[in-house]
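Hi,

Here is the structure I promised to pass on. Have a look, and then read my notes below.

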Amino acid sequence: MKRLTFDGKTITITDPKELHFENSLDEFLYGFVYQRLTDGSDYRPLINADALHDGSLGINIKELFLDSGIKIKPPSVKATNQHRLFDQHIIRNFISRFPVFLGLFQNVVVLADQAIKNAEILVGEEVNSKNFIKIKGVIDEVNRKAWSRVKDQSESQSGVSTLGTISETLLKIIFDKLVDETTFFKVDQSSVQSYGDFVLMCLPNNLWLSVKSNFARERLLASGYTNDILGVGFFQDPTEFTSNVRIRNFQRAGFLAMYCPDVSVSEEQLADNTNTYDLIIASYKAQGSTLPTNINGKPFIRKLSDLYGDLEALLIESDIRKRTTVNF
């Protein structure tokens with residue numbers, strides 16, 4: 001086996017001699033990458049997918065794919081650079097079975113579930129309510145090294161879609177693990193779904209959560225109806241939370257807090273190494289404005305990474321009569 005280093009952690013890559021491969025392509029690609037690994041080196045991109053496409057590494061990945069008998073979904077006929085993208089799909093198919101290799105390839109559009117699985121391997125933990133922001137940060141760190149050139153149109157569009165799907169998937173995972181289906185559950189009845197997506201039984205009002213992926217806009221304002229409610233999401237646009245009028249409207253609808261991502265959630269944020277939460281705070285400081293508070297006098301704009309800690313005090317109290325949103 002070979003050991004690589006990522007963020008102070010040791011990542012172990014199993015020797016191909018110890019594995020059984022289901023097809024010839026997996027066996028070849030695994031060995032091809034493995035022999036280029038240096039024991040004790042950093043976990044970083046080693047194989048440029050473009051070089052696999054143009055043959056400069058001495059192999060023809062498409063011929064290897066055709067000989068293997070594997071089937072993959074080809075790129076859209078409208079995609080730019082279809083032949084290059086087809087080779088990326090071959091590599092992506094390989095990564096689906098060996099996600100630890102994701103960060104060793106460069107210039108490949110990967111899928112959201114592959115990025116999450118790779119991050120779990122690098123962190124050494126499955127994603128959960130406590131570490132999901134850390135997992136997202138690792139995905140971003142790997143992604144910053146993933147491209148050595150400017151993406152073409154199809155790659156850029158796919159990349160944006162993948163970022164959005166990662167955010168949605170992480171939110172789904174953490175809430176699936178938080179709900180107990182008794183006092184904290186997902187709202188499935190269409191007649192009350194407009195109030196929010198999840199509800200936690202509390203006093204004096206139940207605490208509702210409206211969970212959105214990328215943008216708030218009017219979708220959050222459609223929730224609430226003067227309930228106690230939290231806005232949660234990997235929101236991309238900081239200006240949605242820097243308008244006094246919009247904040248007032250959120251508060252009138254019953255929102256106690258807006259949980260905004262403190263990790264990058266867009267291509268632009270990745271390039272600038274910033275995030276929505278920091279951009280919101282910077283905007284208030286630039287305006288010389290005081291950060292908004294809720295009806296309990298607590299911060300209205302909060303880090304998404306603080307969500308679990310803020311909910312924990314309510315979640316660990318099994319007696320609903322002692323659960324209160326008054327100090328939330």
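By class, which residues make up the lining of the largest pocket? Nine are nonpolar, seven polar and two charged. Here Ala, Val, Leu, Ile, Met, Phe, Trp, Tyr, Cys and Pro count as nonpolar, Asp, Glu, Lys and Arg as charged, and the others, Gly among them, as polar.

Before you go further: this is a predicted model, where local features need pLDDT of at least 70 and side-chain atom pairs count only at pLDDT 80 or more, while totals for chains, interfaces and linings use all residues. Residues are numbered from 1 along each chain as its sequence is written, and side-chain values use heavy atoms, with hydrogens and water left out.

Back to the largest pocket: its volume is about 370 Å³ (the space filled by probe spheres set on grid points joined across faces, edges and corners). A pocket is an open set of points on a 1 Å grid over the protein atoms alone, where a 1.4 Å probe fits, with protein on both sides within 12 Å along at least five of seven lines; lining residues have an atom within 4 Å of a point. There are 18 lining residues, and Lys-73, His-89, Arg-92, Leu-111 and Ser-158 are the closest to the centre.

The second largest pocket holds about 200 Å³. Its lining has 11 residues, with Glu-168, Leu-171, Lys-172, Phe-198 and Val-211 closest to the centre. By class, that lining has four nonpolar, one polar and six charged residues. H7 gives the most to it, five residues (helices are DSSP runs of H or I, at least four residues, numbered from the N terminus).

Cheers

Notes. Helices (H or I, at least four residues) and strands (E, at least two) are DSSP runs, numbered from the N terminus.
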